[in-house]
Amino acid sequence: MPLMIRQLSEALGAEVIGLDLSRPIADAEFVRVHRAHLDHHVLVFREQQLTPRQQIEFSRRFGPLDAHPSQGDAHLAGHPEILVISTRQENGKDVGIRNAGPLWHSDLAYRQQPSLGSMLYAIELPDSGGNTGFANMVKAYERLPARLKAAVGERRALFSSTRNLSLLAHHPVFRTHPETGRKSIFVNPQLTKSIDGMAAEDSAALLSEIYVHCQQPEFIYSHEWRPGDLVFWDNRCVLHIADHTRLDDPTYIRHMHRTTIAGDQPF
Ligand SMILES: [Fe+2]
């Protein structure tokens, strides 16, 4: 089947049809996938059958992989590049990160060099629930009221990890994509603590107005997972959130493998 790119929603996202990621990708195919990723920000590859090694190989086409700070207890045995996102338990212990991404965020935004993108591969899914929401921060920036753009100006913000408060970094509130040159909103409710150079209450009020704007339905695509889906999103210009409304239900099993591609310093 020839390689096809099919748009998934008005907000963002495209499905890549006709590509078996368990095999090496030809350079011409890679160029099209890379272009589609820059244009659509989120790519969905359906019906994949990937070993951990094959997922790592495909991920590495986009750059070196990042180790997640939680990987000490949540990485896949023998594959430190793979973070396990899972509600499964073995011997009463979680096998991976159970409650990943409860608020809108961009992966590893608290690093000096946050992630370029993440690839999440669905192995076992519940019969309902567990969607991932993706929000287009390029469109959100373009449609941000001038009043809010002016209030932020060139300011930076403080980001920190929710699990390890010593991991922190300052990044521009609005960053420029290093490959497309397009501006986007980078702050997010899970990892951004405050805007630099503002009084705490002013910063909190401004961030909350920006977040309300970013969460409008016109910017959002909600991905309904099927087993075998591999979804690759651009952390430089997309926020995402996991729907974990059934997390306390013991029959709710959602088991996934994530690889994270290292990025560069936001500007
Ligand atoms: Fe995440």
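First, the ground rules. The model is predicted: local features need pLDDT of at least 70, side-chain atom pairs count only at pLDDT 80 or more, and totals for chains, interfaces and linings use all residues. Residues are numbered from 1 along each chain as its sequence is written.

Overall build. The protein chain has six helices and 18 strands. Both are DSSP runs numbered from the N terminus: helices are H or I with at least four residues, strands are E with at least two. For 267 residues, a compact globule would have a radius of gyration near 18 Å, and the protein chain agrees, because it has 18 Å. That radius is taken over C-alpha atoms, and the globule rule is 2.2 Å times the number of residues to the power 0.38. The C-alpha atoms fill a box of roughly 50 × 45 × 30 Å along the principal axes.

Now burial. Buried residues are 40% of the 267. Buried means 20 or more other C-beta atoms within 10 Å of a residue's own; exposed means 12 or fewer; partly exposed lies in between; C-beta atoms are placed from the backbone.

The core next. The largest nonpolar core has 62 residues. Such a core is a set of buried Ala, Val, Leu, Ile, Met, Phe, Trp, Tyr and Cys residues joined through C-beta atoms within 7 Å. Ala 135, Met 137, Ile 185 and Val 238 have the most contacts inside it.

Take Ala 135. Beyond four places in sequence, its contacts include Trp 104, Cys 214, Phe 219 and Leu 239. A contact means C-beta atoms, placed from the backbone, within 7 Å.

Leu 239 comes back in the sheet. In E17, Leu 239 is the bridge partner of Ala 135. Five bridges join E9, residues 132–136, to E17, and the two run antiparallel. Strands count as paired if DSSP finds at least two bridges between them. The open sheet has three strands, ordered E15-E9-E17, with antiparallel pairing. E15 (220–223) and E17 (238–242) are at the edges with a single partner strand each, so one side of each has no neighbour in the sheet.

Last, strand E5, residues 79–86. Six of its eight residues are buried, so the rest of the structure largely encloses it. E4 and E5 form a hairpin with two residues between them, and Gly 78 in the turn has a positive phi of about 85°. His 75 has Leu 83 in E5 as its bridge partner. E5 also runs antiparallel to E18, residues 255–262, over four bridges. There, Ser 86 has His 255 as its bridge partner.

Note on methods: Contact = placed C-beta atoms within 7 Å.
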